[in-house]
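Which elements form its sheets, and what packs against them?

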Amino acid sequence: MYRFAIWSFSNHFQNKVLPSIRNNKLIKIKYIFTKKENKKIKNIEFFKNKEELKLKKNINYIYISSVNSNHFNDIKFALQNKINVICEKPICLKTSQLNELVKISKNKKVKFFEMIQYKYHPVFLAVKKIVNKNLIGKIKTVESEFKVPIKKTKNSFRFKKKFAGGALNDVGFYPISIMFTLFDSKKIKIIKTKMKKENEVDIRGHLLAENENKVLFKLAWGFKSLYKNYVRIKGAKGEIYVNFIFAKQVIQGAEIKLSLPKEKIIKVKKANQINLAFTEIIRSDMASFKKKLNLSFQILKIMEIIRKKFS
């Protein structure tokens, strides 16, 4: 069993992650670092000073769900104290930060991972299998959007620059990641990108890009929008369409619409993508760690380019 500490008792963690990993027989949550103790949660030790982590010698992993702007320093602290890390996306904000974390992890002989949970869901694996089997022929275009009706509230970190909020870091991450998780792109040529800001925080954007195989990606994301969460893949022989490719619920099934050109519906069973993600990550060997790390670099490089263009 892997012993876990939790860094930041966020709403996301309480509502989605905690119920999932408490049912995971491989994981035992021992500690939670937060300023807001919850007395309803039993058999877990709460602590308020991160220095106490140095005294917890029996931690295999720490899961970090702090605000985006803190990810780099929080991961760095954990790695320096020889604790393996699983961190919510984005893992950090600059490739220079990620390079620094790599050096520390090598020196301390520990690993760190970015949580990209959707890519462990059976629906994603099924779509990738269809793509790899070349069932719809040579891929021509890929269209994906992730937009949510989130609006600004007083305490929302998503709309605060100091916390590295904004739609790109939140929902934009997902369609951008498709270029690498689903299609294993090696090189990306950015053709066009746009971003709209309000009060120094981006609220929507889109990207037109092409990879080395001449696959054209049309990607969009945003807040304050009608809900959209899909991927449409057009090939020379047909089309694949999946709604909720990034999963709207923690536990959900899905349908894959496959047109060849006659439409066929492939039903995918329900699964808990968070549970699946944790299980796969904690079992990762060094080769798998390096592969996941490379994926984080690829996604971050594109996001960094977009961010700099509109800074």
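## Basis

This is a predicted model, in which local features need pLDDT of at least 70, side-chain atom pairs count only at pLDDT 80 or more, and totals for chains, interfaces and linings use all residues. Residues are numbered from 1 along each chain as its sequence is written, and side-chain values use heavy atoms, with hydrogens and water left out.

Helices (H or I, at least four residues) and strands (E, at least two) are DSSP runs, numbered from the N terminus. Axes are lines fitted to C-alpha atoms, for helices over the stretch in contact, and angles run from 0 to 180 degrees between N-to-C directions.

## The parallel sheet

An open sheet is formed by 6 strands with parallel pairing, in the order E3-E2-E1-E4-E5-E6; two strands pair if DSSP finds at least two bridges between them. Strand E3 (45-47) and strand E6 (112-115) are the edge strands, each pairing on one side only. From one strand to the next, the twist averages 25 degrees. Within the sheet, strand E4 (residues 61-64) and strand E5 (residues 84-88) run parallel and are joined by 4 bridges. Ile64 has Cys87 in E5 opposite.

Helix H1 (residues 11-21) lies across strand E1 (2-7), strand E2 (27-33), E4 and E5, and runs at about 155 degrees to E2. Helix H2 lies across E1, E4, E5 and E6, at about 165 degrees to E5.

## The H2-H3 pair

Helix H2 (residues 71-80) packs with helix H3 (residues 95-108) at an angle of about 10 degrees, and their axes are 9 Å apart. H2 and H3 are therefore roughly parallel to each other, a term for angles under 35 degrees.

On the H2 side, the contact (heavy atoms within 4.5 Å) is made by Phe72, Ile75, Lys76, Leu79 and Gln80. H3 contributes Gln97, Glu100, Leu101, Ile104, Ser105 and Lys108. These residues divide into 5 nonpolar, 3 polar and 3 charged. Here Ala, Val, Leu, Ile, Met, Phe, Trp, Tyr, Cys and Pro count as nonpolar, Asp, Glu, Lys and Arg as charged, and the others, Gly among them, as polar.

## Cores and Ser105

A nonpolar core is a set of buried Ala, Val, Leu, Ile, Met, Phe, Trp, Tyr and Cys residues joined through side-chain atoms within 4.5 Å; buried means under 20% relative accessible area (1.4 Å probe, protein chains only). The largest core has 54 residues, of which Phe13, Ile29, Phe112 and Phe278 touch the most other members. A second, separate core has 48 residues, including Val123, Trp221, Phe223 and Ile299. Not counting residues up to four places away in sequence, Phe112 touches residues that include Ile75, Leu79, Leu101, Ser105 and Phe289.

Ser105 is in helix H3. Is Ser105 buried or exposed? Ser105 is buried, with a relative accessible area of 4%. Leaving aside neighbours within four places in sequence, Ser105 is in contact with Leu79, Val110, Phe112 and Phe289.

## The mixed sheet

The open sheet of 8 strands has mixed pairing and the order E8-E9-E10-E7-E11-E12-E13-E14. Strand E8 (188-198) and strand E14 (263-272) each have a single partner strand, so one side of each is left without a neighbour in the sheet. The twist here averages 10 degrees from one strand to the next.

Strand E9 (residues 201-211) pairs with strand E10 (residues 216-222) in the antiparallel sense over 7 bridges. Leu208 stands opposite Lys218 in E10. Helix H5 (residues 167-181) packs on this sheet and touches strand E7 (139-147), E8, E9 and E10. The direction of H5 makes about 160 degrees with that of E10.

Note on methods:
Angles under 35 degrees count as roughly parallel, over 145 as roughly antiparallel, 65 to 115 as roughly perpendicular and the rest as oblique. Buried means under 20% relative accessible area, exposed over 50%, partly exposed in between (1.4 Å probe, protein chains only).
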